[in-house]
Each structure stands twice: as C-alpha cells, then as structure tokens.
Amino acid sequence: MQTRFNPFALRNGATVVSPLMRDFDFLFQDLAGPAARRGNSFAPPADIFETEAGLTLQVDLPGHDAKSIEVKVEQGVLTFRSERKAEPNAKENARRLERGFGVYTRSFSLPDTVDATRVEARYEHGVLTLTLPRKEESKPRVIEVKVQG
C-alpha cells in the first residue's frame, strides 16, 4: 500500500486543515489527471469487482504496448507494471502535452481467498483485466437439506 506524503501533518499524525490548503490539494489532484504521479511512476486508478468466482480488477492503460505489460504475484502481492513511451520528437513538435508518459505501476495485497496460481491477465482496448479466482475451499458451498418422513 502506498502512503501519501503530507508536508502539513503534525508529529502526532494530525493534519492542519485550512480551506486554502484543501483548495491547493484539490488543485494538484486535478493536475495529476486520472493517473496520479507517485515519485518516478504513475499509479493508475483501478476498479475491483467481486463475485462468487473471485475478484476482477480493471485498469485503464491506454496507449500501452501489450508486450510491455508485466504482471507478477509474489508473497501475496499482485503487482503490474507497464511503460508508455513518448512519441519521438514529441516535445519538439508539441504545443501542449497532457498525457502522461513513463512507468505505470500498482501493487495490491491479495486476500487469502485468492488462488494466486490461477491469476489471468488480459489486455484489450486499452484496459488491463486481471481475473483472480477464489480458492476452491473458500467458495460458498450449497448444502442439500434432506427431508425425512
């Protein structure tokens, strides 16, 4: 889990909140765009859905080469990484550049109910979809009720 640095936090963890600081925070969040900048990489937003079969995670990665997307599961943590490269001579010819170029990465701690050996990844139309199936023993079981008499 990534922790967000707050230069206005007090030593006891409380935060000094003023309307001006809050407005600046919103301003810089808006400037970051849909994928927030975290140090040297972008952390794209993700949607997570849960069904009886397991979890599905969807991440928008438009303009990425499918071959550059790397997904790994290690010690209960799912991590994906991809790099979106800038067009050659983009800065020389550009009048405005708003799309982010660079490394996109994100990590998620997996619950114990996920079978990490059966994780599947699919990239289609700029969306990375990760399917995280449940372990068989964690799936809900239907118990048959026997009627006597």
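**Note on the predicted model**

1. Overall surface. The chain exposes about 11900 Å², and carbon and sulfur atoms supply 51% of that area. Accessible areas come from the Shrake-Rupley method with a 1.4 Å probe, and for residues only the protein chains shown count as cover.

2. Basis. This is a predicted model, in which local features need pLDDT of at least 70, side-chain atom pairs count only at pLDDT 80 or more, and totals for chains, interfaces and linings use all residues. Numbering starts from 1 along each chain as its sequence is written, and side-chain values use heavy atoms, with hydrogens and water left out.

3. Secondary structure. The chain holds two helices and nine strands. Helices (H or I, at least four residues) and strands (E, at least two) are DSSP runs, numbered from the N terminus. Along the sequence the pattern reads α-β-β-β-β-β-β-α-β-β-β.

4. Burial and contacts. Of the 149 residues in the chain, 23% are buried. Buried means under 20% relative accessible area, exposed over 50%, and partly exposed in between (1.4 Å probe, protein chains only). Take the contacts between residues at least 6 apart in sequence: 48% of them join residues at least 24 apart. Contact here means heavy atoms within 4.5 Å.

5. The four-stranded sheet. The order is β3-β4-β9-β8, in an open sheet with antiparallel pairing. The edges are β3 (46–50) and β8, each pairing on one side only. On average, neighbouring strands of this sheet are turned by 15° against each other, direction ignored. Axes are lines fitted to C-alpha atoms, for helices over the stretch in contact, and angles run from 0 to 180 degrees between N-to-C directions. Two strands pair if DSSP finds at least two bridges between them.

6. β3 with β4. These strands run antiparallel and are joined by five bridges. I48 stands opposite L57 in β4. The hairpin from β3 to β4 passes through three residues.

7. β4 with β9. Strand β4 (residues 54–60) pairs with β9 over seven bridges, in the antiparallel sense. G54 has P133 as its bridge partner in β9. D60 stands opposite V127 in β9. Strand β9 is mostly covered, with five of its seven residues buried.

8. β8 with β9. Five bridges pair β8 and β9, again antiparallel. Y123 has L128 as its bridge partner in β9. The hairpin has two residues between the strands, and H125 takes a positive phi near 55° there. H125 sits in the loop between β8 (120–124) and β9 (127–133). At 77% relative accessibility, H125 is exposed.

9. Another positive phi. Most residues other than glycine have a negative phi. Q75 has a phi near 55°, a positive value in a residue other than glycine. Q75 lies in the loop between β5 (70–74) and β6. Its relative accessible area is 80%, so Q75 counts as exposed. Both loops deserve a look in the model.

10. A buried serine. S82 lies in strand β6 (residues 77–84). S82 is buried, with a relative accessible area of 0%. Its side chain makes a polar contact of 3.3 Å with that of S68. A polar contact is a pair of N or O atoms within 3.5 Å; within protein, one must be able to donate a hydrogen and the other to accept it, and residues adjacent in sequence count only if both atoms are side-chain atoms. Leaving aside neighbours within four places in sequence, S82 is in contact with L61, H64, S68, I69, G102, V103 and Y104.

11. Salt bridges. The count comes to five, where a salt bridge is a side-chain nitrogen of Lys or Arg within 4 Å of a carboxyl oxygen of Asp or Glu. One of them joins E74 and K72 (4.0 Å, N to O). K72 is partly exposed, with a relative accessible area of 41%. R122 forms another with E124, the closest N and O atoms being 3.8 Å apart. R122 is partly exposed, at a relative accessible area of 44%. E124 is also partly exposed, at 44% relative accessibility. Salt bridges that share partners join D115, R118 and E136 into one network.

12. E136 and R118 form a salt bridge with the closest N and O atoms 3.9 Å apart. E136 lies in the segment after β9 and R118 in the loop between β7 (102–109) and β8, so the pair ties together parts 18 residues apart in sequence. R118 is partly exposed, at 36% relative accessibility.
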